[in-house]
Every structure is written in structure tokens, then in C-alpha cells.
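Student: Could we go through the side-chain contacts of this one together?

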Amino acid sequence: MDLSGTITPTDDGPSLDLDGQWVKLRWPLADKTPALDSARGRFTLNGSGPYAFTASADARIGALPRIAADLPAKLEPGRFELSTITARALGGVADLRGEVAWKPAERWNVNGIVRDIDPGKLRSALPGRLSFVLS
């Protein structure tokens, strides 16, 4: 991972202006079959909290096919708010919003519109295109 930028101490906590990139990211690191595997990506992390976060990457989540995604988000204590995720996979596009939280309790949600997904790219017996709303 390459990271550059500044971290400035303030009375309210650190002010960040960071830019970075990664190659061969896996999570969790010790698992033989990681939940997330990304060949490469770029990110920024800015602000004094909540922090503005952006990322652009290709990734594989579990057994799903590789996904190319761009996402702006907001990181605050215990919560990661995903403003608008644009993901491209299986010949289609998904425009999603959601959150992942771990305090006070673990939770996640996602909603949005998925257009023109080709399930035939996963299983040839399922030709055609799918579009749907996800919540």
C-alpha cells in the first residue's frame, strides 16, 4: 500500500488529507479464502470527522465475479455511510446506497437499482438480462 498526505492534530481530533493506493488487498489477511480480494484500487480520506472517503477499485467479494466500483462515503465513529456506490459486473451496473455499522450494534443495509445484469455469465442455462430494485 502507498499512502501520502498529511495528518494535522487539532483540538477536535486529527484532520486528515490522505491519498493512497493498494495492490493485492485481502481481508481478512489470515484467511485462505478471504471475504474480500482486490487486485488494485485508489482511495482518499479527508476532513476532521466525520471523514470523507472515496475509493475506486476492482474487487471480488466471496464467490461473486469481479466487480469494478466507485464509491464516495462518510466514515464516522462506529459507522461507514456509503453515499452512492456505482458497481459494474456481469455486463450490468448497480447504483446503490447503504451503510455498515459496528456501534452500538452491528448492522448493514443497502438499497438501489441494478440494471442489465447478465446471469448467463455465471451460469449458461440462465441467458438474458435482469434489472431490479434492491432493498
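This is a predicted model: local features need pLDDT of at least 70, side-chain atom pairs count only at pLDDT 80 or more; totals for chains, interfaces and linings use all residues.

Student: How many aromatic pairs does the structure hold?

Tutor: There are 3 aromatic pairs. Rings of Phe, Tyr and Trp (its six-membered ring) pair if their centres lie within 6.5 Å; planes under 30 degrees apart count as stacked, over 60 as edge-to-face and the rest as tilted. Trp22 and Phe43 form a stacked pair, at 6.1 Å centre to centre and 25 degrees between the planes.

Student: Which strands hold Trp22 and Phe43?

Tutor: Trp22 is in strand β2 (residues 15–27) and Phe43 in strand β3 (residues 36–47), so the pair links distant parts of the chain, 21 residues apart. Strands (E, at least two residues) and helices (H or I, at least four) are DSSP runs, numbered from the N terminus.

Student: Is Phe43 buried or exposed?

Tutor: Phe43 counts as buried at 12% relative accessibility, and Trp22 is buried at 11%. Buried means under 20% relative accessible area, exposed over 50%, and partly exposed in between (1.4 Å probe, protein chains only).

Student: Why is the pair of Phe43 and Phe53 called stacked?

Tutor: The ring centres of Phe43 and Phe53 are 6.4 Å apart and their planes are at 20 degrees, so the pair is stacked. Phe53 lies in strand β4 (residues 51–61) and Phe43 in strand β3, so this pair ties together parts 10 residues apart in sequence. Phe53 is buried as well, with a relative accessible area of 17%. Ring pairs link Trp22, Phe43, Phe53 and Phe80 into a cluster.

Student: Now to charges: how many salt bridges are found?

Tutor: The whole structure has 11 salt bridges, each a side-chain nitrogen of Lys or Arg within 4 Å of a carboxyl oxygen of Asp or Glu. One of them joins Arg42 and Asp19, with the closest N and O atoms 3.4 Å apart. Arg42 in strand β3 and Asp19 in strand β2 are 23 residues apart.

Student: What is the accessibility of Arg42?

Tutor: Arg42 is partly exposed, with a relative accessible area of 43%; Asp19 is partly exposed at 33%.

Student: Which residues are linked in a network of salt bridges?

Tutor: The network links Lys74, Glu76, Arg79, Glu81, Glu99 and Arg107. Within the pair of Glu76 and Lys74, the closest N and O atoms are 3.9 Å apart.

Technical notes:
Residues are numbered from 1 along each chain as its sequence is written. Side-chain values use heavy atoms; hydrogens and water are left out.
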